[in-house]
Amino acid sequence: MLTAGCWHQSRPLDLAAVQCARFDIAGFGYAMQAPKGSGVERSADGNTVTIVPKPGSRLVHVLWLSRHTAPTLEPPEVTTTFDSGTRIEYSVDEDIGGGSGGPEAELYGELFFEGQPALLVGCRDQKEGTPDPEWCVAYLETLHRQDQAGACQ
């Protein structure tokens, strides 16, 4: 299924429940809103950042952003352009396994700035019932390069 259009959050982010996460990936600075209390970890090579909204939780609930080095991914299921002009193209695998916390699902895709592939993105969720790996899309809508207008303060 291929869909396109502008992303309009059905539930705006609760400003009391977010924090500004600032990080560098491959020498570029980024800023975005993340759930309050999130852990932000940078890989040793500086090419990947992992955001864990509930550090220490036994359930998988994680967002990672990585330098775009691979060729374009398979055709995405969803293509969305945010109001900022950033575009995300992604697919969702609704069953990547799981464990005692329930099934896991994953969103995997690419973020484009000014029409150019900039970052690979992955988002996982695990819970009893139906996991929601698209939880991170509302946060990704707030992602900007640190030198751009709109970067969180």
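These legends describe close-up views of side-chain packing in a predicted model.

**View 1. Trp 135 and Tyr 139 form an edge-to-face aromatic pair.** The model holds 4 aromatic pairs. In the pair of Trp 135 and Tyr 139, the ring centres lie 5.9 Å apart. The angle between the two planes is 65°, and it counts as edge-to-face because it is over 60 degrees. Trp 135 has a relative accessible area of 13%, so it falls under the 20% limit for buried. Tyr 139 is buried too, at 14%.

**View 2. Phe 23, Tyr 30 and Phe 113 make up an aromatic cluster.** Ring pairs provide the links among these residues.

**View 3. The charged end of Arg 87 sits over the ring of Phe 112.** The distance from this charged end to the ring centre is 4.1 Å.

**View 4. Arg 145 places its charged end over the ring of Phe 28.** Here the distance to the ring centre is 5.5 Å.

**View 5. Glu 106 is a buried residue in strand E9.** The strand covers residues 102-113. Glu 106 has a relative accessibility of 17%, so it counts as buried under the 20% limit. Its side chain joins that of Arg 124 through a polar contact of 3.3 Å.

**View 6. Glu 106 contacts residues beyond its sequence neighbours.** Neighbours within four places in sequence are left aside here. The contacts of Glu 106 include Trp 64, Ile 96, Cys 123 and Pro 133. Ser 91, Val 92 and Asp 93 are also among them. Arg 124, the polar partner of Glu 106, is in contact with Glu 106 as well.

Methods:
Residues numbered from 1 in each chain as written. Predicted model: local features only at pLDDT ≥ 70, side-chain atom pairs only at ≥ 80, totals over all residues. Heavy atoms only, no water. Phe/Tyr/Trp six-rings, centres within 6.5 Å; stacked < 30°, edge-to-face > 60°. Buried < 20%, exposed > 50% of the residue type's maximum accessible area, 1.4 Å probe, protein only. Lys NZ or Arg CZ within 6 Å of the ring centre and 35° of its normal. Helix = DSSP H or I, 4+ residues; strand = E, 2+ residues; numbered from the N terminus. Polar contact = N/O pair within 3.5 Å; in protein donor to acceptor, adjacent residues only side chain to side chain. Contact = heavy atoms within 4.5 Å.
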